[in-house]
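Subject: Structure handover

Hello,

Please find the structure below, followed by my notes on it.

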Amino acid sequence: MQMLLVSPKDIGVALRTLRKEKGLSQKELGQRVGLDQKKISLLENGNANCRVDSLFRLLSALELGVVLQSKSNSSTSNQDDW
């Protein structure tokens, strides 16, 4: 699966979708990575104040990685939501 994420809101939607696919609650995911449920909720709602290490711990807990690609290679607009 690949998703083009160009804003904190996109990351939040992706995290929520993938967490639910794994059958995890926000609390369960938070416990896996050392964050509280409130922080998971904030991230899933597009809060841009996230430490990079927290994001990578979340991605790891969801068995995901990061691939960077040029936005010009995608079929989406080049305008960011933020």
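The notes start with the model as a whole and then go through single elements and residues.

This is a predicted model, in which local features need pLDDT of at least 70 and side-chain atom pairs count only at pLDDT 80 or more, while totals for chains, interfaces and linings use all residues. Residues are numbered from 1 along each chain as its sequence is written, and side-chain values use heavy atoms, with hydrogens and water left out.

Overall

The protein chain has four helices and zero strands, in the order α-α-α-α along the sequence. Helices (H or I, at least four residues) and strands (E, at least two) are DSSP runs, numbered from the N terminus. Of the 82 residues in the protein chain, 28% are buried. Buried means under 20% relative accessible area, exposed means over 50%, and partly exposed is in between (1.4 Å probe, protein chains only). The accessible surface of the protein chain is about 5800 Å², and carbon and sulfur atoms hold 49% of that. Accessible areas come from the Shrake-Rupley method with a 1.4 Å probe, and for residues only the protein chains shown count as cover. Among contacts in the protein chain with a separation of 6 or more, 57% join residues 24 or more positions apart; contact means heavy atoms within 4.5 Å.

Helices α2 and α3

Two packed helices are described by the angle between their axes and the distance between the axes. For α2 (residues 26-33) and α3 (residues 37-44) the angle is about 105° and the axes are 8 Å apart. That makes α2 roughly perpendicular to α3. On the α2 side the contact is made by Q26, K27, L29 and G30, and on the α3 side by Q37, I40, S41 and E44. Axes here are lines fitted to C-alpha atoms, for helices over the stretch in contact, with angles from 0 to 180 degrees between N-to-C directions. Angles under 35 degrees count as roughly parallel, over 145 as roughly antiparallel, 65 to 115 as roughly perpendicular and the rest as oblique.

Two arginines

R19 is in helix α1 (residues 8-21) and is buried, at 6% relative accessibility. Leaving out residues up to four places away in sequence, R19 touches L24, S25, Q26, L29, E44 and L62. R32, in helix α2, is exposed, with a relative accessible area of 56%. Beyond its neighbours within four places in sequence, R32 is in contact with L24 and A61.

Helix α4 and the segment after it

S54 lies in helix α4 and is buried, with a relative accessible area of 5%. From S54 to I40 the C-alpha distance is 9.9 Å, at 14 residues apart in sequence.

E63 lies in the segment after α4 and is exposed, at 66% relative accessibility. Most residues other than glycine have a negative phi. E63 is not a glycine, yet its phi is positive, at about 60°.

V66 is also found in the segment after α4 (52-61), and is partly exposed at 47% relative accessible area. Together with V52, F56 and L68, V66 forms a nonpolar patch on the surface with about 450 Å² of accessible area. In patches, like charges are joined within 9 Å and nonpolar side chains (Val, Leu, Ile, Met, Phe, Trp, Tyr) within 5 Å.

Regards

Note on methods. Patch = residues over 30% accessible without salt bridge, like charges linked within 9 Å, V, L, I, M, F, W, Y side chains within 5 Å. Salt bridge = Lys/Arg side-chain N within 4 Å of Asp/Glu carboxyl O.
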